[in-house]
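The report below is meant for a reader who is meeting this structure for the first time. It goes through surface, rings and charges in turn.

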Amino acid sequence: MILRSYKALPSKFLCRMFATQTPQKSSSACELQHSFNKRPMDPAKVRMGFIPDDWFTFFYNKTGVTGPYIFGVGLLNYLFSKEIYVCDHHFYHGLSMAILSLVAVKKLGPMVAAYCDKEIEKIEQNWQQMHRDEVKAYTNLIEHERQEQWRAEGSLMLMELKKENIALQLEEAHRKAMMRVYEDVVRRLDYQVDCRNIEMRLNHKHMVNWVVDKVMQAMPEIGDTVEREKQRANLKAMALRLKN
């Protein structure tokens with residue numbers, strides 16, 4: 001019961017609990033607690049096929065090496081002499097079964113142990129293979145997650161490029177609109193300039209004709225028509241020079 005309670009308690013609590021005792025007892029309690037947490041790989045050592053070796057070593061410090069055997073013989077002698085244990089027919093049946101069991105263990109034990117070891121190795125290999133498969137699967141998942149993160153980063157870069165492309169398209173549309181406005185304004189200004197030039201030419205032409213007509217009316221009568229046309233041409237040339 002005490003050992004079970006030690007097993008339920010944590011190791012740090014045990015070390016603190018035995019700190020007030022001697023260092024040897026405290027360290028032994030801690031070692032005892034840590035020994036419970038270890039799973040033995042091989043069975044405990046036994047003697048005579050079924051008696052634990054610890055039962056023999058328990059008597060060594062007090063009775064020596066022969067103490068366990070003397071204790072066993074004395075205990076059997078006491079049981080048989082006081083007829084506490086009666087040797088009826090069941091005793092001999094049990095003795096024969098014990099001998100048969102001992103022979104079976106000696107003869108068939110190694111083969112059964114080898115078979116069990118192989119089965120245990122198979123189970124352990126299966127567990128190890130399952131562990132490796134799980135590790136490989138988790139590794140693949142981690143690599144896949146990293147690849148997806150890399151793709152997500154690529155998607156962010158693609159979005160940035162698309163934004164820049166949209167900005168360039170907007171800039172292009174803005175520049176085209178500005179160019180259309182510029183061309184329309186230039187075309188309208190050219191139209192106004194052409195209209196003004198045409199109007200000035202027409203006014204100049206009418207003014208020249210009017211001046212020529214007035215001058216010809218104010219000039220005395222010239223009988224020669226050729227001379228009149230000559231004067232008219234001189235006036236027009238003078239008007240052209242003034243225009244330029």
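In this predicted model, a nonpolar patch on the surface is formed by Met48, Phe50, Val65 and Tyr69, which together have about 470 Å² of accessible area. One of these residues, Phe50, has its place in the loop between β1 (46-47) and β2 (51-52). Phe50 counts as exposed because its relative accessibility is 63%, and the cut-off for that class is over 50%.

**Aromatic rings**

A pair of aromatic rings is described by the distance of the centres and the angle of the planes. The count of aromatic pairs comes to seven, and among them is the pair of Tyr85 and Phe91, whose rings lie 5.7 Å apart from centre to centre with 75° between the planes, an edge-to-face arrangement. Tyr85 is partly exposed, its relative accessible area being 42%, and Phe91 is also partly exposed, with a value of 22%. Tyr85 and Phe91 belong, together with Phe80 and Tyr92, to one aromatic cluster.

**Charged side chains**

Side chains of opposite charge can pair when their charged atoms come close.

With a relative accessibility of 22%, Arg47 counts as partly exposed, whereas Asp53, at 12% relative accessible area, is buried.

How far apart along helix α6 are Glu143 and Arg146? The two are three residues apart in this helix, which spans residues 89-218, and so they are separated by about one helical turn. Glu143 is partly exposed, with 42% relative accessible area, and Arg146 is exposed, with 52%.

Lys176 and Glu172 also lie in helix α6, where they are four residues apart and therefore separated by about one helical turn. Lys176 is partly exposed at a relative accessible area of 45%, and Glu172 likewise counts as partly exposed, with 43% relative accessibility.

Conventions. Residues are numbered from 1 along each chain as its sequence is written. This is a predicted model: local features need pLDDT of at least 70, side-chain atom pairs count only at pLDDT 80 or more; totals for chains, interfaces and linings use all residues. Side-chain values use heavy atoms; hydrogens and water are left out. Patches are made of residues with over 30% relative accessible area and no salt bridge: like charges are joined within 9 Å, nonpolar side chains (Val, Leu, Ile, Met, Phe, Trp, Tyr) within 5 Å. Accessible areas come from the Shrake-Rupley method with a 1.4 Å probe; for residues, only the protein chains shown count as cover. A salt bridge is a side-chain nitrogen of Lys or Arg within 4 Å of a carboxyl oxygen of Asp or Glu. Buried means under 20% relative accessible area, exposed over 50%, partly exposed in between (1.4 Å probe, protein chains only). Rings of Phe, Tyr and Trp (its six-membered ring) pair if their centres lie within 6.5 Å; planes under 30 degrees apart count as stacked, over 60 as edge-to-face and the rest as tilted.
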